[in-house]
Amino acid sequence: MIDLTILLDGRSEDPLYTQLYQYIKTEILSGKLAAQTRLPSIRALSSHLHISRNTVDLAYQQLIAEGYVQSRPRSGLYVIDLELETLSSSYSSSMNMPKASVQERSAIQYDFRYGDVDAEHFPFSTWRKLSNQSLQMNQQMLVSYGDPIGELGLRNEIANYLHGSRGVNSSPDQIIIGAGIQYLLGIVAGLLGAAINSIAMEEPGYDGARTIFQHNGLPVHPIPLDEDGLNIQKLYESKSRIVYITPSHQFPHGMVMPLAKRMQLLKWAADMNGIIIEDDYDSEFRYVGKPIPSLQGMDTHQRTVYLGTFSKCLLPSLRTAYMVLPPALLELHKKHNYRLYDQTVSQLQQKTLELFMSNGHWEAHIRKMRKVYRQKQMTLISTIKKLMGNQATIIGQDAGLHILLRVHNGMDELELIQTAEKVGVRVYPVSPFWTHPTQAERSMVQIGFGGLSNEDIITGVHALHHAWFNNY
Ligand SMILES: Cc1ncc(COP(=O)(O)O)c(C=O)c1O
């Protein structure tokens with residue numbers, strides 16, 4: 001018998017028994033709890049962890065039900081041998097699969113993770129060639145830290161691109177390059193920090209941004225969404241003078257803020273002497289309607305910080321993003337010595353990206369990827385509609401690399417995720433995007449499609465349909 005020492009969080013949304021069950025399951029799947037290991041008795045574990053016997057019992061029952069452990073009469077509970085489990089026929093060859101084996105349950109074949117991008121169409125050979133070229137051209141750069149706000153050549157390219165495609169008005173001096181939007185938001189939070197007492201953001205909204213603000217000591221004020229984006233009246237009522245927002249593809253709901261509302265938001269900023277932090281993370285992938293210019297481009301009062309990234313339309317592993325600071329914040333950036341922060345993106349990579357943009361590969365890549373993702377999105381939506389009909393509602397299909405799916409089968413978020421996992425499919429929760437997760441919609445999941453092939457999308461959705469509607 002082994003001891004299990006686990007830190008259970010009594011304040012978490014997840015009940016203690018779920019935390020305990022998850023912990024043991026992960027230990028088994030990762031091999032840390034070897035086959036045939038005997039679990040501690042209910043009495044021993046409850047006294048060791050100072051939790052009730054009922055909690056341990058519930059966790060153990062769940063593990064038994066899912067086949068991770070086996071009860072041996074008068075002996076106890078034993079971890080089963082995953083290797084020995086027979087693999088029943090794969091989902092695609094048997095729509096009437098009786099019960100998923102443990103191996104099937106643990107092996108995720110179709111991961112609808114938002115954030116993954118298409119690898120097949122990335123121009124690796126061009127990138128390699130330009131990378132070599134920038135290495136040969138610029139050996140001197142390897143011995144220096146480079147410009148703290150990013151190389152001028154790349155900032156020039158970004159300024160030109162943003163003006164043409166998003167109507168952003170900027171000079172290269174206003175552009176700051178950094179390793180991801182989150183990193184740059186940390187700088188914005190630092191710049192604003194002393195002057196403000198809270199920051200408003202969409203509810204639900206991007207949890208990656210909320211965490212950065214909170215870590216910088218800025219309380220977040222959640223503002224509800226209307227059909228067409230942030231509720232401006234509630235924004236006024238919040239008394240916050242700063243708002244973080246994703247107007248061109250609301251994260252995660254996906255609505256595009258119409259022109260009239262953009263004008264109201266800009267008026268709010270002028271009325272409140274406020275600042276808008278515009279996160280334009282994936283505006284390259286808009287599939288329906290005319291492109292709407294960025295808020296920054298429409299802002300005659302220069303109260304907008306504009307942020308964009310190469311994570312979606314190029315590769316997330318490049319860790320390259322940029323922001324355009326309005327003059328007032330640029331002043332603060334200088335005054336408070338932010339140029340002492342060394343650049344976080346390698347010069348070699350900046351140079352390669354600059355060449356990629358200046359040689360026309362960037363525009364061509366965006367055009368190609370817009371088609372690739374549009375096709376994937378159509379495959380996803382048409383397969384869902386065909387199989388699930390009005391038993392599921394698709395949300396946010398005008399743009400981007402993910403959708404939300406409201407599933408009408410009585411399951412809540414956790415059940416939807418767990419039943420999907422049993423047939424080898426991973427879908428993701430929406431509740432973490434809420435400041436108050438208990439207010440999240442009960443039966444909704446997030447489905448990203450960027451990293452899957454059209455074929456895998458189809459098979460994955462078939463498996464989801466099976467898991468959710470055939471009494472799995
Ligand atoms: C709304 C939003 N902003 C920003 C990002 C991340 O950008 P980066 O990779 O540059 O940090 C994401 C990624 O998921 C996102 O959803």
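Lys-239 is located in the loop between helix H9 (232-238) and E8; helices (H or I, at least four residues) and strands (E, at least two) are DSSP runs numbered from the N terminus. The model is predicted, so local features need pLDDT of at least 70 and side-chain atom pairs count only at pLDDT 80 or more, while totals for chains, interfaces and linings use all residues. Residues are numbered from 1 along each chain as its sequence is written, and side-chain values use heavy atoms, with hydrogens and water left out.

Lys-239 is a residue other than glycine with a positive phi, near 65°. With a relative accessibility of 64%, Lys-239 counts as exposed (over 50% relative accessible area, with buried under 20% and partly exposed in between; 1.4 Å probe, protein chains only). Asn-273, likewise not a glycine, has a positive phi of about 55°. Asn-273 belongs to the loop between H10 and strand E9 (275-279), and its relative accessible area of 44% makes it partly exposed.

## Cis peptide bonds

Glu-203 and Pro-204 are joined by a cis peptide bond with omega near 0°. Pro-204 is in the loop between strand E5 (199-203) and H8.

The bond from Phe-251 to Pro-252 is also cis, and its omega is about 5°. The loop that holds Pro-252 runs between strand E8 (242-245) and helix H10 (259-272).

## Contact of H1 with H3

Helix H1 (residues 16-29) packs against helix H3 (residues 53-65) at an angle of about 45°, and their axes are 8 Å apart. In H1, Leu-16, Tyr-17, Leu-20, Tyr-21, Ile-24 and Lys-25 take part in the contact (heavy atoms within 4.5 Å). Their partners in H3 include Val-56, Leu-58, Ala-59, Tyr-60 and Leu-63. The residues of this contact comprise 10 nonpolar, 2 polar and 1 charged (Ala, Val, Leu, Ile, Met, Phe, Trp, Tyr, Cys and Pro count as nonpolar, Asp, Glu, Lys and Arg as charged, and the others, Gly among them, as polar).

## Contact of H7 with H8

Helix H7 (residues 181-193) and helix H8 (residues 207-215) pack at about 35°, with 9 Å between their axes. Gln-182, Leu-185, Gly-186 and Ala-189 of H7 meet Gly-208, Ala-209, Ile-212 and Phe-213 of H8. This contact has 5 nonpolar residues, 3 polar and no charged.

## Confidence

The chain has a mean pLDDT (the predictor's confidence in each residue, from 0 to 100) of 90, and 94% of its residues reach 70 or more. Over residues 85-106, pLDDT stays under 50, and the model has 49 contacts beyond four places in sequence for them. Where pLDDT is low, the predicted coordinates should not be read in detail.

How values were computed: Axes fitted to C-alpha atoms, helices over the stretch in contact; angles between N-to-C directions.
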